[in-house]
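I set out to record what can be looked up in this structure, entry by entry. The sections below follow the order in which I consulted it.

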Amino acid sequence: MNSPPAGTLPMHEYVIIGGGIVGLAAAMAVGKQYPKARVLVLEKEQDLAKHQTGRNSGVIHSGIYYKPGSLKARLALGGNYSMVKFCREHHIKHEVCGKVIVATKASELPILENLFQRGLNHGLAVARLSPKQVQEIEPHVRCVAGINVPSTGIVNYREVSAKYVELIKSQGGTVQTGARVDRLRDVNGTQVIETSRGEFEAGFVINCAGLFSDRVARFGGFNTSVKIVPFRGEYYELVPERRHLVRSLVYPVPNLHFPFLGVHFTRMIDGSVHAGPNAVLAFKREGYHRTDINCADLFETITFPGFWKLARRYYREGLTEMVRSVSKRAFVENLRQLVPEVNEDDLLPAHSGVRAQALMRDGTLVDDFLIVKGENSMHVCNAPSPAATASLEIGRFIASRLPKVTLPRQSRRIYLANQQICRVNDVA
Ligand SMILES: Cc1cc2nc3c(=O)[nH]c(=O)nc-3n(C[C@H](O)[C@H](O)[C@H](O)COP(=O)(O)OP(=O)(O)OC[C@H]3O[C@@H](n4cnc5c(N)ncnc54)[C@H](O)[C@@H]3O)c2cc1C
């Protein structure tokens, strides 16, 4: 990774906080839009794409689920196309394998039909499937009806992110890892960014901090009025001998009032087949295990008025998810509604991810992407699934709304803290 030069650090016209796929896509798009600007990404971890981006299902979503007219629908539909094109152009392993969404009971048929109509309205090449036609695509699936969504694909978003980094650097941008942003100060219209690697200066700050985006916004005195509530998604993996049970992607009919898609089967680009994710409240923002607790994170969640309104509204779903989290049998029972041949011995625990889900004070889960602009900052307050699919479009959306920032080419500040860090590194 790029280390800051010893001595002074140059100022940057644009600083992006967060080295996940959204921050990296934004940095790439900003660099393209303003080729002369100095663009810097600050990431707190030593590795990039370590959180949501590196712990997801790896699906290039089609856009079928999203409300017509929403930002999510627009950027996901465009994102599906641009992600596949990007992967082709840059030789990133991917596959447009399509997926089936299936109703397993008659009561789900109206929702399936709604989804089908939504797909048509979005201009997708969706097709209704009889149970027999579903079995021609996925021989082990049992259902009462299905729809085929051929434009859905699979990819590894870590690989996509690595390519974004390469392109950012080739455009002259810098990516600084191990730099946790702790505070933002506005000094005469310039943003001073206090980090664990010293201070940086920016004309404009773009907050893409994912699970911490609300806190980073608050560091800068920006009130986004939403709280990030972390929802862990746990996966199991089919043992290799049983991978043949699923050829590509098999999804249930979703609960349209809930922003999660329900546990499904996903063939990953490496050939493994994952089942999940569920959606349980995490007691830590980056809490990937059931036992992970961070008192400050938990306190922040439960003292937010919206949380209790949400809990009252969805306590049944919440309890079901918690049972599925602690009981493999319950998890498998759910999967057997899609593929009845699956049994407990076929599944091994796999990775988990934590979703950054924005919640409003009235208890509403923010469904759409939410990007808010301040005077010299922009905050990505809600970028849940399918933000990885839509990342190129989100990046372009952000870049197209930025003011042109012009700063003197000379550095104005001497960053003593960084000088010290660089000297230590030099000696080592
Ligand atoms: C279980 C799960 C499954 C999903 N499946 C899919 C899917 O199949 N397809 C799809 O399109 N989307 C999917 N998503 C959604 C997708 O992964 C996310 O929407 C996307 O990765 C969000 O990217 P991001 O850059 O906003 O967040 P992140 O990837 O979380 O990146 C944010 C970065 O900010 C850094 N950061 C935070 N605070 C600071 C700070 N103070 N200073 C510096 N850096 C900081 C973090 O370390 C992190 O690297 C899934 C998500 C989850 C959790």
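**Entry 1**

I began with Ile398 and set aside its neighbours within four places in sequence; the residues in contact with Ile398 are then Ala26, Ile206, Ile371, Met378 and Val380. I note that the model is predicted.

I next looked up the core to which Ile398 belongs. Ile398 is among the residues with the most contacts inside the largest nonpolar core, together with Val160, Tyr164, Ile394 and Leu402. This core has 50 residues. I listed the elements that each supply at least two residues of this core: the strands are β1 (12-17), β2 (39-42), β12 (198-207) and β20 (377-382), and the helices are α1 (21-33), α2 (71-89), α5 (157-170) and α11 (391-400). Helix α1 gives the most, with nine residues. I also found another core of 24 residues lying apart from the largest one; Ile17, Leu42, Val205 and Ala282 are among its members.

**Entry 2: helix α10**

Which residues of helix α10 are buried? For residues 328-336, which form α10, I recorded Phe331, Val332 and Leu335 as buried. I then looked down the axis of α10: its buried residues fall within an arc of 95°, so they line one face of the helix.

**Entry 3: a sheet of three strands**

I traced an open sheet of three strands, in the order β3-β8-β4, with antiparallel pairing. Its edge strands are β3 (59-60) and β4 (94-95), each of which pairs on one side only. Strand β8 (residues 153-155) pairs with β4 in the antiparallel sense over two bridges. In this region I found Glu95 opposite Ile154 of β8.

**Entry 4: the ligand**

Which residues come nearest to the ligand? Of the 39 residues around the ligand, I recorded Glu43, Thr53, Val59, Ala383 and Thr389 as coming nearest.

I then looked up individual distances to oxygen atoms of the ligand. An N or O atom in the side chain of Thr53 is 2.5 Å from a ligand oxygen atom. For Glu43, a side-chain N or O atom is 2.7 Å from an oxygen atom of the ligand. At Ala388 the atom concerned is a backbone N or O atom, which lies 3.4 Å from a ligand oxygen atom.

Methods:
Residues are numbered from 1 along each chain as its sequence is written. This is a predicted model: local features need pLDDT of at least 70, side-chain atom pairs count only at pLDDT 80 or more; totals for chains, interfaces and linings use all residues. Side-chain values use heavy atoms; hydrogens and water are left out. Two strands pair if DSSP finds at least two bridges between them. Helices (H or I, at least four residues) and strands (E, at least two) are DSSP runs, numbered from the N terminus. Buried means under 20% relative accessible area, exposed over 50%, partly exposed in between (1.4 Å probe, protein chains only). The arc is that of the directions from the helix axis to the C-beta atoms. A nonpolar core is a set of buried Ala, Val, Leu, Ile, Met, Phe, Trp, Tyr and Cys residues joined through side-chain atoms within 4.5 Å. Contact means heavy atoms within 4.5 Å. A residue is near a molecule or strand if one of its heavy atoms lies within 4 Å of it. A polar contact is a pair of N or O atoms within 3.5 Å; within protein, one must be able to donate a hydrogen and the other to accept it, and residues adjacent in sequence count only if both atoms are side-chain atoms.
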